[in-house]
Amino acid sequence: MALHDFWFLLIAVLWTGYFFLEGFDFGVGILTKGLARDRTERRVLINTIGPVWDGNEVWLITAAGATFAAFPDWYATLFSGFYLPFLLILVCLIVRGVAFEYRHKRSGERWQRSWEHAIFWCSLLPAFLWGLTFANIVRGVPIGPDKNFSGDLTDLLSPYALLGGLLTLVLFTFHGAVFTALKTVGDIRHRARSYATVLGMTSGVLAVAFLGWTQAESGNGRSLPALVVAVAALAAALVMNHFGREGWAFGLSGAAIVAAFALVFLALFPDVMPSSVNPAWSLTVADSASSPYTLKIMTWVAVPMTPLIIAYQGWTYWVFRKRIGTQHIPAPAAPATTH
């Protein structure tokens with residue numbers, strides 16, 4: 001395997017790992033407005049991801065950094081052409097992180113409600129925009145002979161791209177509902193399973209539509225098994241959720257996300273950004289990669305470090321594996337009296 005092919009594979013793994021982990025983060029944030037009935041239940045939902053959400057975002061930083069170092073032309077065209085969606089995602093991630101940290105700093109109703117709105121919207125928008133972005137990447141955007149994006153915002157809002165955004169929004173919310181059922185006890189756990197049933201069936205319909213469209217337009221023999229796995233994993237996750245096997249349901253909903261993005265990258269290869277104007281102007285793995293020497297040095301660093309980081313993060317999830325419920329949330333302190 002050539003080094004540029006290896007780095008395309010590694011970057012695909014990093015992006016897919018990010019969506020597997022951050023997907024349920026986004027889903028839990030979205031569910032704070034529907035599943036949670038009061039402030040205590042919202043605290044339960046937020047506490048399920050409290051120890052891990054920031055670690056999940058490391059995968060995004062690593063994926064973007066690896067893209068910049070291994071495929072600078074891809075990075076330049078991608079981040080300039082998709083400037084507005086990426087800017088919105090970045091702002092949402094910043095505000096969302098601040099909301100997690102600042103929400104509990106004051107007990108005022110207006111203060112906490114404002115940060116809870118921020119958590120909801122800054123989870124929903126990225127969940128939609130990531131799907132829209134990768135749908136455009138795999139289908140192709142206007143790229144000229146100079147490797148620059150030559151379109152505008154309207155080129156990113158095709159029905160195909162909007163369907164991709166809707167799929168990731170619903171699929172991540174389903175993933176979050178299953179994670180909530182896995183991590184909670186009591187009534188909220190049972191309601192999370194009910195939400196997961198509806199969200200899972202909706203995800204299945206959207207997955208068949210979007211992934212089938214992708215396979216028909218851009219797919220190949222390599223990507224077809226990923227389509228089958230994604231749909232089968234979603235169906236199996238629904239069955240496991242119905243029987244209360246939340247661990248299996250979570251693993252299978254994650255497998256559906258992994259398979260869906262595997263299909264995207266398999267359909268994309270050997271391109272990294274197809275041109276919708278002229279296929280000859282598409283960016284490929286070979287012509288957008290860094291020098292072989294750069295890729296060699298990066299490989300020597302990535303091969304030992306990547307398993308270590310994965311093992312450390314897995315240990316973190318093991319430490320914080322226990323379920324929580326409303327009974328674990330302390331009552332708010334009574335306001336101090338003044339004399």
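In the chain, residues 24 or more positions apart account for 80% of the contacts with a separation of 6 or more, a contact being defined by heavy atoms within 4.5 Å. The model is predicted, so that local features need pLDDT of at least 70 and side-chain atom pairs count only at pLDDT 80 or more, whereas totals for chains, interfaces and linings use all residues. Residues are numbered from 1 along each chain as its sequence is written, and side-chain values use heavy atoms, with hydrogens and water left out.

The chain holds 11 helices and two strands, taken as DSSP runs (helices H or I, at least four residues; strands E, at least two) numbered from the N terminus. Of its 339 residues, 50% count as buried, that is, with under 20% relative accessible area for a 1.4 Å probe and protein chains only.

When residues up to four places away in sequence are not counted, Phe-134 touches Trp-15, Phe-19, Phe-261, Val-264 and Phe-265.

With a disulfide defined as a pair of cysteine sulfur atoms within 2.5 Å, the count comes to zero. The sulfur of Cys-92 has its closest cysteine sulfur in Cys-122, at 4.1 Å, which is too far for a bond. Both cysteines are buried, Cys-92 at 7% relative accessibility and Cys-122 at 9% relative accessible area.
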